[in-house]
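Take a look at the structure, and then we can go through the questions.

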Amino acid sequence: MTAKIPMVFAMWSCVLAAAWGEPTSSPEVAAAIQAIEQAPDPSATVAAYVNGAAVDRNDPKLSEAYVIRMVDLGLPELAFHQAQTLTTLQSNNGLAWGVVAYVESRRGN
């Protein structure tokens, strides 16, 4: 039962984003996001992020995709700066705040 809760929240956030007309990414950034989501390893994830950031480094969807993928790969510390950026672009992004808190706690802060 509890495993279904995150899925429900993810679906709800998609519904809200569609209802509120969240801006869409450019085709280049959308391609980079897809590449990040499908990246088999950290270096491919970084390369895809760099390609997207070259087009629009302030696209919150790009940073969010990168943070999610690095967390999935078990390397949240590699997404620290992107998570910090994401907290300024989307102050209610819990995953980004969690990554920032995790890395800061590992540093003893």
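Q: Why does Val71 count as partly exposed?
A: Happy to start there! Val71 has 31% relative accessibility, and partly exposed is the class between buried (under 20% relative accessible area) and exposed (over 50%), with a 1.4 Å probe and protein chains only. The value therefore puts Val71 in the partly exposed class. This is a predicted model, in which local features need pLDDT of at least 70 and side-chain atom pairs count only at pLDDT 80 or more, while totals for chains, interfaces and linings use all residues. Residues are numbered from 1 along each chain as its sequence is written, and side-chain values use heavy atoms, with hydrogens and water left out.

Q: What makes Ile68, Val71 and Leu95 a nonpolar patch?
A: Like charges are joined within 9 Å, and nonpolar side chains (Val, Leu, Ile, Met, Phe, Trp, Tyr) within 5 Å. Ile68, Val71 and Leu95 form such a patch on the surface, with about 200 Å² of accessible area together (Shrake-Rupley method with a 1.4 Å probe; for residues, only the protein chains shown count as cover). Leu95, at 36% relative accessibility, counts as partly exposed.

Q: Which elements hold Val71 and Leu95, and how do you know that Leu95 touches Ile68?
A: Val71 lies in helix H4, residues 60-72, and Leu95 in helix H6, residues 94-106. Helices here are DSSP runs (H or I, at least four residues), strands are E runs of at least two, and numbering goes from the N terminus. Contact means heavy atoms within 4.5 Å. Not counting residues up to four places away in sequence, Leu95 touches Val67, Ile68 and Val71.

Q: Why are the buried residues of H5 said to line one face of the helix?
A: The buried residues of helix H5 (residues 80-89) are Phe80, Gln82, Ala83, Leu86 and Thr87. Seen down the axis of H5, they fall within an arc of 160° (taken from the directions from the helix axis to the C-beta atoms), so they line one face. On the other side of H5, His81 and Thr88 are exposed. The cover over the buried residues includes helix H3 (42-56), H4 and H6.

Q: Why does Gln82 count as buried?
A: Gln82 has 14% relative accessibility, so it counts as buried. Leaving out residues up to four places away in sequence, Gln82 touches Tyr49, Ser63, Tyr66 and Val67.

Q: What makes a set of residues a nonpolar core, and which members of the largest one touch the most others?
A: A nonpolar core is a set of buried Ala, Val, Leu, Ile, Met, Phe, Trp, Tyr and Cys residues joined through side-chain atoms within 4.5 Å. The largest has 20 residues, of which Ile36, Tyr49, Leu62, Tyr66 and Ala83 touch the most other members. Helix H2 (27-38), H3, H4, H5 and H6 each supply at least two residues, and H4 gives the most, with five. In soluble globular proteins, nonpolar side chains tend to be buried together.

Q: Why does Ile36 count as buried?
A: Ile36, in helix H2, has 0% relative accessibility and therefore counts as buried. Beyond four places in sequence, Ile36 touches Thr45, Ala48, Tyr49, Leu62, Ala65, Tyr66 and Arg69.

Q: How many helices and strands does the chain have?
A: The chain comes to six helices and zero strands, and buried residues make up 29% of its 109 residues.

How values were computed: Patch = residues over 30% accessible without salt bridge, like charges linked within 9 Å, V, L, I, M, F, W, Y side chains within 5 Å. Salt bridge = Lys/Arg side-chain N within 4 Å of Asp/Glu carboxyl O.
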